[in-house]
Amino acid sequence: MALIGGTGSGKSSLVNLLPRFYEYTSGRILLDGIELKEYPRHYLRRQIGIVEQEPFLFSRTVRDNITYGVTRNVSDDEVEAAARAAAIHDVILNKLPQGYDTLVGERGITLSGGQKQRVAIARTLLKDPRILILDDSTSAVDFETEAEIRQALRMLMQGRTTFIIAHRIQSVMDADLILVLEHGRIVQRGTHAELVEQDGIYRRIYLAQTRLEAELEEELSRV
C-alpha cells in the first residue's frame with residue numbers, strides 16, 4: 001500500500017500509528033483481525049521494520065549498525081547476505097578502509113546519503129519483519145542512487161505487508177493500492193493505472209513530475 005500527498009497531509013502520522021508510537025483516539029485499527037491496542041508494544045515493534053528518509057546510524061562499526069536491533073545471534077555470512085541484497089556489500093569491501101569493521105561516525109557522517117539508506121535496508125532485511133514501512137526512503141538521494149535503492153527495496157518487500165510513503169510517483173507505481181491524502185483525509189484511492197485516468201491530485205502530480213523529468217533529460221542531452 002502506498003501513501004502519497006503534500007507535506008502535512010498526514011502520511012507519516014497514519015503509519016506511525018502502526019508501531020504505536022502514539023495511540024489513536026477514535027476509530028479502529030485491526031491487525032490480523034485483532035485490535036492493534038491488544039498487542040504489547042514490544043511484540044508489535046518486533047514485527048515491524050522501518051526505513052526512514054534519514055536513517056539513524058550509530059558511531060559504531062558498519063557491522064554493528066547492520067545488526068542493531070536484531071534480537072537473535074547472526075553470523076557474518078548472514079550480515080554479508082543482507083548487505084548484498086541491499087546493494088551495499090561491494091561498497092563496504094571496496095570503499096571503506098576496514099570493511100565491515102569501519103567506524104561510520106556519529107549519525108553515519110562518513111557515509112553518503114545513499115550508503116546510509118542501504119545500510120538501513122540491510123539492517124531491516126536482517127531483522128526480517130512481517131510489516132515494512134518505507135517513509136520517503138529515496139527522497140534524499142540522486143536518481144542513479146535511487147534506482148539502486150529501489151532495486152534493494154524490491155528485494156526487501158518480497159513476502160511482506162508494505163506501506164510506502166513517497167513524493168515521487170515512480171516510487172509508488174507498482175503498489176497494489178495507492179491512497180492520496182490531503183489535509184488528513186483520503187481523497188483518492190486506486191492503482192496507478194486507475195488514478196492517472198482520473199482528474200485529481202494524483203494525475204496532476206504525475207503530469208508535473210513527468211514534465212520535469214523530460215525537461216531534465218533534454219538538458220542533460222545538451223551537455
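Q: What does the accessible surface of the protein come to, and what share of this surface belongs to carbon and sulfur atoms?

A: This is a predicted model, and the values that follow are computed from it. The accessible surface comes to about 12700 Å², and carbon and sulfur atoms hold 49% of that area. As for the interior, 43% of the 223 residues count as buried.

Q: How many helices and strands are there in the protein?

A: The protein has 9 helices and 8 strands. Its C-alpha atoms fill a box of roughly 60 × 55 × 30 Å along the principal axes.

Q: Is Tyr202 buried or exposed, and where is Tyr202 found?

A: A residue is called buried when its relative accessible area is under 20%. Tyr202 has a value of 0% and is therefore buried. The residue belongs to helix α9, which covers residues 201–222.

Q: Which residues is Tyr202 in contact with, leaving aside its neighbours within four places in sequence?

A: Tyr202 is in contact with Ile4, Ile169, Val172, Ile178, Val180, Gln188, His192, Leu195 and Val196. His192 also takes part in a polar contact, in which its side chain and that of Tyr202 are joined at 2.7 Å. By way of orientation, the C-alpha atom of Tyr202 is separated by 35 Å from that of Tyr39, a residue 163 positions away along the chain.

Q: How many aromatic pairs does the structure hold, and which geometry do Tyr39 and Tyr43 show?

A: The angle between two ring planes decides the class of a pair, and planes under 30 degrees apart count as stacked. The structure holds 3 aromatic pairs. Tyr39 and Tyr43 form a stacked one, with 6.0 Å from centre to centre and 5° between the planes. Tyr39 is buried at 11% relative accessibility, whereas Tyr43, at 31%, is partly exposed.

Q: Why is the pair of Phe58 and Tyr68 tilted?

A: The planes of Phe58 and Tyr68 stand at 45°, so the pair is tilted; the ring centres are 4.5 Å apart. Phe58 lies in the loop between β4 and α3, and Tyr68 in the loop between α3 and α4 (76–85), so the pair ties together parts that are 10 residues apart in sequence. Both residues are partly exposed, Phe58 at 28% relative accessibility and Tyr68 at 47%. Ring pairs also bring in Phe56, giving a cluster of Phe56, Phe58 and Tyr68.

Q: Where does the charged end of Lys37 sit?

A: The charged end of Lys37 sits over the ring of Tyr24, at 4.4 Å from the ring centre.

Q: What is the place of Thr61, and is Thr61 buried or exposed?

A: Thr61 is in the loop between β4 (48–52) and α3 (62–67), and its relative accessibility of 14% counts as buried. The side chain of Thr61 reaches the backbone nitrogen of Asp64 at 3.0 Å. Beyond four places in sequence, Thr61 is in contact with Tyr100, Asp101, Thr102 and Leu103.

Q: Which residues does Gln47 touch, not counting those up to four places away in sequence?

A: Gln47 touches Pro129, Arg130 and Ile131. This residue is in the loop between α2 (41–46) and β4, and is buried at a relative accessible area of 16%.

Q: What is the phi of Asp32, and what is that of His183?

A: Asp32 is not a glycine, yet has a positive phi of about 55°. His183, also a residue other than glycine, has a positive phi near 55°. Asp32 is in the loop between β2 and β3 (34–35) and is exposed at 65% relative accessibility. His183 is in the loop between β7 (178–182) and β8 (185–190), and is exposed with a relative accessible area of 71%.

Notes
Residues numbered from 1 in each chain as written. Predicted model: local features only at pLDDT ≥ 70, side-chain atom pairs only at ≥ 80, totals over all residues. Heavy atoms only, no water. Helix = DSSP H or I, 4+ residues; strand = E, 2+ residues; numbered from the N terminus. Buried < 20%, exposed > 50% of the residue type's maximum accessible area, 1.4 Å probe, protein only. Polar contact = N/O pair within 3.5 Å; in protein donor to acceptor, adjacent residues only side chain to side chain. Contact = heavy atoms within 4.5 Å. Phe/Tyr/Trp six-rings, centres within 6.5 Å; stacked < 30°, edge-to-face > 60°. Lys NZ or Arg CZ within 6 Å of the ring centre and 35° of its normal. Areas by Shrake-Rupley, 256 points an atom, 1.4 Å probe, with all protein chains shown as cover.
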